[in-house]
Amino acid sequence: GTPKAPSASLRAAAARIAWQPATNMALRPALEDFQLCAEILPDRIKLATLDAKLEEQPIVVTGEWPLSASAWTALWSERKVPDWTQAHARLQVARAEVAAVARYLPQVLAPEGQLTVNLELKPGKLLGGALSLTNVATRAIGKLTPVRDIAAQVRLEKRRALLETFRGQIGWQPNQAEGFVAIPGEGGLDYR
């Protein structure tokens, strides 16, 4: 391609990608079986696929970032990063075992249950999608007793995370909850 109409393709693979912590105190997960396929086109950057496994749990990411000719010119001449408000991406994790990542949060999570994630970044920097927890449990946190048999559905909608359902067992007592967290365009965090 040319600077005004670039084109390229990128394919990369790695058996393992690991982050080196500054100290040996922090555990950081590694990505395994990493596969990347991306294309640079005159009108967009396309992430055809990014597949990897995080502690043997499959992760799939796809996306597309529409770009104008003026965005490329500004990138080359002014080193200005193009506006990503029109970018679109999707992250999927299907029935991941919480036990695989519980060792990174051992004081919070018990090694049981499953997590399903289907998140979407929509144009306008808006979120969409859902998270689902099944048979998850926490550890005792301070004086708080563990919560067991957690089943929850969280739906992301624009700038809100809606807790549609939450059921869990605290001691012998079953509990339910619902609510939301909203992140306004400007300002702080609103929750109920």
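Reader: What makes the charged end of Arg160 count as sitting over the ring of Phe180?

Author: In this predicted model, the charged end of Arg160 lies 4.2 Å from the centre of the Phe180 ring. A charge sits over a ring if CZ of Arg is within 6 Å of the ring centre and within 35 degrees of the ring normal, and Arg160 is listed as sitting over Phe180.

Reader: Why is the pair formed by Trp72 and Trp76 called stacked?

Author: The ring centres of Trp72 and Trp76 are 6.0 Å apart and their planes meet at 20 degrees; since rings pair when their centres lie within 6.5 Å, and planes under 30 degrees apart count as stacked, the pair is therefore stacked. The structure holds one aromatic pair.

Reader: What separates Trp72 and Trp76 along helix H1?

Author: Trp72 and Trp76 are four residues apart in helix H1, which spans residues 69–78, so about one helical turn separates them.

Reader: How do you know whether Trp72 is buried or exposed?

Author: Trp72 has 3% relative accessibility, and because buried means under 20%, Trp72 counts as buried. Trp76, with a relative accessible area of 41%, falls between the 20% and 50% cut-offs, and is therefore partly exposed.

Reader: Which residues make up the largest nonpolar core?

Author: Seven residues form this core, namely Val98, Ala102, Leu109, Val136, Val147, Ile150 and Ala152, and strand S8, residues 147–158, supplies the largest share, three residues. Another core, of five residues, lies apart from it and includes Val61, Val93, Ala96 and Val117.

How values were computed. Residues are numbered from 1 along each chain as its sequence is written. This is a predicted model: local features need pLDDT of at least 70, side-chain atom pairs count only at pLDDT 80 or more; totals for chains, interfaces and linings use all residues. Side-chain values use heavy atoms; hydrogens and water are left out. A nonpolar core is a set of buried Ala, Val, Leu, Ile, Met, Phe, Trp, Tyr and Cys residues joined through side-chain atoms within 4.5 Å. Buried means under 20% relative accessible area, exposed over 50%, partly exposed in between (1.4 Å probe, protein chains only). Helices (H or I, at least four residues) and strands (E, at least two) are DSSP runs, numbered from the N terminus. Rings of Phe, Tyr and Trp (its six-membered ring) pair if their centres lie within 6.5 Å; planes under 30 degrees apart count as stacked, over 60 as edge-to-face and the rest as tilted.
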